[in-house]
Amino acid sequence: MYDHYTRPSVDDIFAGKVSKYALAIAVAKRAREITELAQTDKSMNFDKPVIVAVEEFQNHQYAILEPDIDD
């Protein structure tokens, strides 16, 4: 299913609106949720939860909200 997967560019996904740190944290949290869903619902089959999470963010199914920091 993911044999043709190519790594998306962070800049292409978010156009610089989100830090790479925020992206890594968001993808990790979403991948953990996907893993937990797959464990509770045995009918779900996710080979690579991280790839699914990245694709969800890439397809704008989820958004990353960062706080405004005024220094």
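User: Where does H60 lie relative to α3?

Analyst: In this predicted model, H60 lies in the segment after α3.

User: What makes the backbone of H60 worth a remark?

Analyst: Its phi. H60 has a positive phi of about 60 degrees although it is not a glycine. Most residues other than glycine have a negative phi.

User: Why is H60 called exposed?

Analyst: The cut-off for exposed is over 50% relative accessible area. H60 is at 60% relative accessibility, so H60 counts as exposed.

User: How confident is the predictor in the chain, by mean pLDDT?

Analyst: The mean pLDDT of the protein chain is 78. Of its residues, 72% reach 70 or more.

User: Which helix has the lowest mean pLDDT, and which the highest?

Analyst: Helix α1, residues 10–14, has the lowest, at 62. Helix α2, residues 20–40, has the highest, at 90.

User: What elements does the chain have, and in what order?

Analyst: There are 3 helices and 0 strands. From the N terminus on, the elements run α-α-α.

User: How do you know that the length of α2 agrees with what a helix should span?

Analyst: Start from 1.5 Å a residue. The expected span is 1.5 Å times one less than the number of residues. For the 21 residues of α2 that gives 30 Å. The end C-alpha atoms of α2 are 30 Å apart, so the two agree.

User: Which residues of α2 are buried?

Analyst: A22, L23, A26, V27, R30, A31, I34 and A38.

User: Why is A26 called buried?

Analyst: Buried means under 20% relative accessible area. A26, in helix α2, is at 14%, so A26 counts as buried.

User: What does A26 touch beyond its neighbours within four places in sequence?

Analyst: F57 and I64. A26 and F57 are 31 residues apart in sequence. In space they are 8.9 Å apart, C-alpha to C-alpha.

User: Which residues form the largest nonpolar core?

Analyst: It has 12 residues: V18, A22, L23, A26, V27, A31, I34, V52, A53, V54, F57 and I64. The largest share, 6 residues, comes from α2. In soluble globular proteins, nonpolar side chains tend to be buried together.

User: Why is R30 called buried?

Analyst: The relative accessible area of R30 is 11%. The cut-off is under 20%. R30 therefore counts as buried. R30 lies in helix α2.

User: What surrounds R30?

Analyst: Leaving aside neighbours within four places in sequence, R30 is in contact with L37, A53, E56, F57 and Y62.

User: What makes the pair of R30 and E33 a polar contact?

Analyst: The cut-off for the N or O atoms is within 3.5 Å. The side chains of R30 and E33 make their polar contact at 3.0 Å.

User: Why is E33 called partly exposed?

Analyst: Partly exposed falls between the buried cut-off, under 20%, and the exposed one, over 50%. E33 is at 40% relative accessibility, so E33 counts as partly exposed. E33 is found in helix α2. E33 and P49 are 16 residues apart in sequence and 8.7 Å apart in space, C-alpha to C-alpha.

User: Which residues is E56 in contact with, leaving aside its neighbours within four places in sequence?

Analyst: R30, I34, Q61 and Y62.

User: How many of the chain's residues are buried, as a percentage?

Analyst: Buried residues make up 28% of the 71 residues.

User: What share of the contacts between residues at least 6 apart in sequence join residues at least 24 apart?

Analyst: The share is 57%.

Methods:
Residues are numbered from 1 along each chain as its sequence is written. This is a predicted model: local features need pLDDT of at least 70, side-chain atom pairs count only at pLDDT 80 or more; totals for chains, interfaces and linings use all residues. Side-chain values use heavy atoms; hydrogens and water are left out. pLDDT is the predictor's confidence in each residue, from 0 to 100. Helices (H or I, at least four residues) and strands (E, at least two) are DSSP runs, numbered from the N terminus. A nonpolar core is a set of buried Ala, Val, Leu, Ile, Met, Phe, Trp, Tyr and Cys residues joined through side-chain atoms within 4.5 Å. Buried means under 20% relative accessible area, exposed over 50%, partly exposed in between (1.4 Å probe, protein chains only). A polar contact is a pair of N or O atoms within 3.5 Å; within protein, one must be able to donate a hydrogen and the other to accept it, and residues adjacent in sequence count only if both atoms are side-chain atoms. Contact means heavy atoms within 4.5 Å.
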